[in-house]
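Subject: Structure handover

Hello,

Here is the structure I said I would pass on. Please open it next to these notes.

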Amino acid sequence: MATKPKSQQARKLAKQPSVFRRLTGIPPAIFFELCEQVRPLYYQAEEKRLAKLREKRLIHCHVDAQYKLSMEDRLLMLLMYYRLYTTHILLGFLFRIDDSNVGRNINPLQPLLAKFFKIPERKLELGEDEIVTLFLDGTEQKINRPQGPKQKN
């Protein structure tokens, strides 16, 4: 039987509302309301995904069995990623997980969160009639090199 994830970074951070809001963009009260709205959708989507795996592999696993972090902490990590646009290495360090697991922790929550508000995108789409002009500075600059016996080749 799987145990419930123990990490409670979101609860600890919620004790400092101004810091919480600066890191996530929303106050703690709204965050926990959002968690309660996302939770049933998340469990429903995970059960559907795991049902397919059980069919193919004949395995039995619990929805949260593969995650060290609670759903709240994973949602906090995702909001911090959107707000701060930080690296997975930093998020992994802050949440005490390996950076390779950050994507596995936040990716299942992204489509669910998109149902509640617009997700920031970094895509640039240009039409056929739009022209992009790039300016590159390729000016050569002289570099002073050491003279005499200290010079390395």
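Helix α3 (residues 28-57) has the lowest mean pLDDT among the elements of the protein chain, at 86. Helix α5 (residues 88-95) has the highest, at 94. Here pLDDT is the predictor's confidence in each residue, from 0 to 100. Over the protein chain the mean is 81, and 74% of residues reach 70 or more. Where pLDDT is low, the predicted coordinates should not be read in detail.

Two notes on conventions. This is a predicted model, with residues numbered from 1 along each chain as its sequence is written. Local features need pLDDT of at least 70, side-chain atom pairs count only at pLDDT 80 or more, totals for chains, interfaces and linings use all residues, and side-chain values use heavy atoms, with hydrogens and water left out.

Overall make-up

The protein chain has seven helices and zero strands. Both are DSSP runs numbered from the N terminus: helices are H or I with at least four residues, strands are E with at least two. Buried residues make up 33% of the 153 in the protein chain. Buried means under 20% relative accessible area, exposed means over 50%, and partly exposed lies in between (1.4 Å probe, protein chains only). The protein chain exposes about 11,900 Å², and carbon and sulfur atoms supply 54% of that (Shrake-Rupley method, 1.4 Å probe). Take contacts in the protein chain between residues at least 6 apart in sequence: 63% join residues at least 24 apart. Contact means heavy atoms within 4.5 Å.

The α2/α4 pair

Helix α2 (residues 17-24) packs on helix α4 (residues 71-84) at an angle of about 65°, with the axes 7 Å apart. Axes are lines fitted to C-alpha atoms, for helices over the stretch in contact; angles run from 0 to 180 degrees between N-to-C directions. From α2, the contact uses F20, R21, R22, L23 and T24. From α4, L76, L79, M80, R83 and L84 take part. By class, that is six nonpolar, one polar and three charged residues. Ala, Val, Leu, Ile, Met, Phe, Trp, Tyr, Cys and Pro count as nonpolar, Asp, Glu, Lys and Arg as charged, and the others, Gly among them, as polar.

The core

The largest nonpolar core holds 31 residues. Such a core is a set of buried Ala, Val, Leu, Ile, Met, Phe, Trp, Tyr and Cys residues joined through side-chain atoms within 4.5 Å. F31, V38, L76, M77, L109 and L113 touch the most other members. Helices α1 (9-14), α3, α4, α5, α6 (99-106) and α7 (110-113) each supply at least two residues. α4 gives the most, with nine. L109 touches V38, Y42, M71, R74, L75 and L78, not counting residues up to four places away in sequence.

N105 sits in helix α6. It is buried, at 5% relative accessible area. Beyond four places in sequence, N105 touches Y67, L69, R74, M77 and I97.

L112 lies in helix α7 and is buried too, at 7%. Leaving aside neighbours within four places in sequence, L112 is in contact with V38, L41 and Y42. The C-alpha atoms of L112 and V38 are separated by 6.6 Å, though the two are 74 residues apart along the chain.

L41 is in helix α3. At 25% relative accessibility, L41 counts as partly exposed. L41 and L112 are 71 residues apart in sequence and 7.0 Å apart C-alpha to C-alpha. L41 also touches K115 and F116.

Best wishes
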